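Subject: Structure handover

Hello,

Here is the structure you are taking over. My notes on it follow below.

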Amino acid sequence: MFSSITIFCTLFFFLFIIFKIHHRRKCCKYPIFRDYPFLGMLPTILWNLWNVHDFITEELKKRHRGTAEFMGPWFTNMNYLITSDPINVHHMLSKCFDNYVKGHEFRDIFEAFGNGIFVADSETWKYNRSLFHSLFKQRGFEFFQEKIIQNKLEKSLIPLLDHVQQQSSVVDLQDVFNRFTFDNICLIVLGCDPNCLSIELPDVACEKAFDQIEECIFYRHVMPKSLWMLQKLLQVGEEKKMTKACKEFDQFIYANIESKRKELKKGVKNIEMEDLLTILMRDEKRSEVVVHDDKFLRDAAFNLFVAGRDTITSALTWLFYLIATHPLVEAKILEEIKENFGTISIENKLGVDDVKKLIYLHGAICEAVRLFPPIPFETKQAIKGDILPSGHVVNPNTTILFSLYSMGRVEETWGKDCLEFKPERWISERGGIVHEPSYKFISFNAGPRTCLGKDLSFIQIKMVAVAILCKYHVQVVKGHIPIPNHSIVLLMKNGLKVRLTKREI
């Protein structure tokens with residue numbers, strides 16, 4: 001009797017596996033990797049996680065229109081349609097914008113973002129978008145940012161780099177940029193300076209917590225939801241780190257909100273342009289309706305930190321790596337500065353209007369973020385079924401992942417020299433800036449969700465680049481190989497180790 005039951009169960013289990021494999025092969029017409037029993041295509045991703053962006057790029061090049069399907073482990077909802085086709089992206093982000101949303105799965109993964117602009121949909125997103133658009137497009141905000149950056153360059157960044165250069169020591173330029181942008185975004189959003197950037201290079205708890213949150217969010221992308229939800233429930237592994245980091249960073253944000261409310265009650269007013277948190281609170285007071293509670297302000301601040309800190313750090317880090325390894329580009333940038341301003345001894349004097357004249361530097365920045373986009377991948381969820389321009393069928397609730405990293409390395413889009421660092425790619429015959437369609441140059445997103453801070457980002461990056469390049473020659477330490485880290489923002493795993501030498505003027 002026992003033997004018969006065993007045989008029956010074994011046969012049933014065997015037939016079930018055959019059926020499941022057949023069913024998945026029927027559903028997945030354009031597989032990107034081998035589909036293993038039970039584990040799906042996840043083992044291939046985990047095996048190549050160390051080089052995941054380049055690995056996926058190479059695999060997509062082999063697929064029709066750079067589009068393929070990823071099937072996760074059985075009994076999970078870890079299934080994606082992956083694309084690097086700009087026409088597909090244009091279709092989703094512009095033509096059929098209302099059908100492709102962030103979705104609940106995205107919000108679960110990006111739980112730490114709250115209900116801020118990056119994760120919100122429909123009316124919540126529209127309100128946030130309108131609110132920040134009105135703030136960022138003010139001429140006064142550009143100069144407010146200019147003053148903060150100039151002050152941080154003069155009193156923090158340059159003194160630190162002077163110290164490093166005089167000591168002839170190796171410095172992690174990515175860590176320096178991380179600290180610089182964290183201080184800047186704190187001043188712009190919260191009106192406080194945590195002083196991360198000083199000669200002592202202190203450990204600042206809120207900054208480290210912010211980094212940890214982003215690393216944990218990345219792991220939520222590569223692990224089945226059931227697994228990371230269980231870790232969250234049991235408070236083990238990456239989810240334990242996530243909980244601790246969120247608590248640390250929230251304490252920092254809420255303390256600043258409470259302090260700011262007390263200042264406003266006392267009637268404390270800054271004569272110059274105020275930080276964004278103060279502006280939002282003053283709007284409440286003028287309307288006599290508290291529309292921005294502490295949770296709204298916390299979520300807004302967190303999302304602005306991601307937009308104004310990590311993306312800038314990423315762009316600066318990869319830009320300086322590329323310039324340091326392309327001496328002809330460095331020479332042309334310095335020559336442009338001389339031609340426009342007559343001298344390269346101007347590190348702390350350039351302002352918003354000045355840096356807008358630097359066309360070649362602008363091209364170098366575009367190339368850096370094309371090859372190394374700060375946000376390397378984006379996801380959308382289809383509300384209704386659809387057919388992409390590539391011919392791939394999209395079922396309702398399908399999650400689509402498009403690789404911004406891969407899109408910058410497609411020969412059909414950028415030419416056979418797509419892997420080369422060529423600022424000239426962005427300069428017209430008349431010497432102006434070439435403006436590529438946003439769905440092709442996707443680093444700042446496209447369609448209605450195009451990055452609001454794009455122009456402000458270029459201003460900050462240019463000001464920092466000029467300040468450093470005019471004063472120092474940056475040389476990457478011999479043998480240092482940049483490896484992308486595991487995070488939702490494309491940074492270098494081991495930083496950018498460099499030596500600085502004083503530039504002869």
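Is Asp294 buried, partly exposed or exposed? At 33% relative accessibility, Asp294 counts as partly exposed; buried means under 20% relative accessible area, exposed over 50%, and partly exposed in between, with a 1.4 Å probe and protein chains only. Before the rest, the conventions. This is a predicted model, in which local features need pLDDT of at least 70 and side-chain atom pairs count only at pLDDT 80 or more, whereas totals for chains, interfaces and linings use all residues. Residues are numbered from 1 along each chain as its sequence is written, and side-chain values use heavy atoms, with hydrogens and water left out.

Asp294 and its contacts

Asp294 lies in helix α13, which covers residues 294-324. Helices (H or I, at least four residues) and strands (E, at least two) are DSSP runs, numbered from the N terminus. Leaving aside residues up to four places away in sequence, Asp294 touches Tyr254, Ile257 and Arg261, where contact means heavy atoms within 4.5 Å. Ile257 is 37 residues from Asp294 along the chain, and their C-alpha atoms are separated by 7.0 Å.

The chain as a whole

The protein chain has 19 helices and ten strands. It has 505 residues, of which 55% count as buried. Among contacts in the protein chain with a separation of 6 or more, 73% are between residues 24 or more positions apart.

Helix packing

Two helix pairs are described here. Helix α7 (residues 139-167) and helix α8 (residues 173-190) pack at an angle of about 140 degrees, and their axes are 10 Å apart. Axes are lines fitted to C-alpha atoms, for helices over the stretch in contact, and angles run from 0 to 180 degrees between N-to-C directions. The crossing of α7 and α8 is right-handed; a crossing is left-handed if the near helix is turned anticlockwise from the far one by less than a right angle, and right-handed if clockwise. On the α7 side the contact is made by Phe141, Phe144, Gln145, Ile148, Ile149, Lys152, Leu153, Leu157 and Leu160, which meet Val176, Phe180, Asp183, Asn184, Leu187 and Ile188 in α8. By class, the contact of α7 with α8 has eleven nonpolar, two polar and two charged residues. Here Ala, Val, Leu, Ile, Met, Phe, Trp, Tyr, Cys and Pro count as nonpolar, Asp, Glu, Lys and Arg as charged, and the others, Gly among them, as polar.

The second pair is helix α14 (residues 327-341) with helix α16 (residues 359-371), whose axes come within 8 Å and cross at roughly 145 degrees. Val329, Lys332, Ile333 and Glu336 of α14 make the contact with Ile359, Tyr360, Leu361 and Ala364 of α16. The contact of α14 with α16 divides into six nonpolar, no polar and two charged residues.

The loop between α18 and α19

Phe444 is placed in the loop between α18 (411-414) and α19 (454-469). With a relative accessible area of 13%, Phe444 is buried. Beyond four places in sequence, Phe444 touches Val369, Thr450, Cys451, Lys454, Ser457 and Phe458. Phe444 and Arg370 are 74 residues apart in sequence, and 9.7 Å apart in space from C-alpha to C-alpha.

Asn445 is in the loop between α18 and α19 and counts as buried at 18% relative accessibility. Its phi is near 65 degrees, a positive value in a residue other than glycine.

Other residues

Leu201 also has a positive phi, of about 45 degrees, although it is not a glycine. Leu201 lies in the loop between α8 and α9 (205-222) and is partly exposed, at 30% relative accessibility.

Ser406 is found in helix α17 (residues 404-407) and is buried, with a relative accessible area of 1%. Not counting residues up to four places away in sequence, Ser406 touches His53, Ile56, Thr57, Leu60 and Ser84.

Cysteines

A disulfide is a pair of cysteine sulfur atoms within 2.5 Å, and by this rule the count comes to zero. Cys192 is in no disulfide, the nearest cysteine sulfur being that of Cys186, 4.8 Å away. Cys192 is buried, with a relative accessible area of 18%. Cys470 counts as buried, at 2% relative accessibility.

Regards
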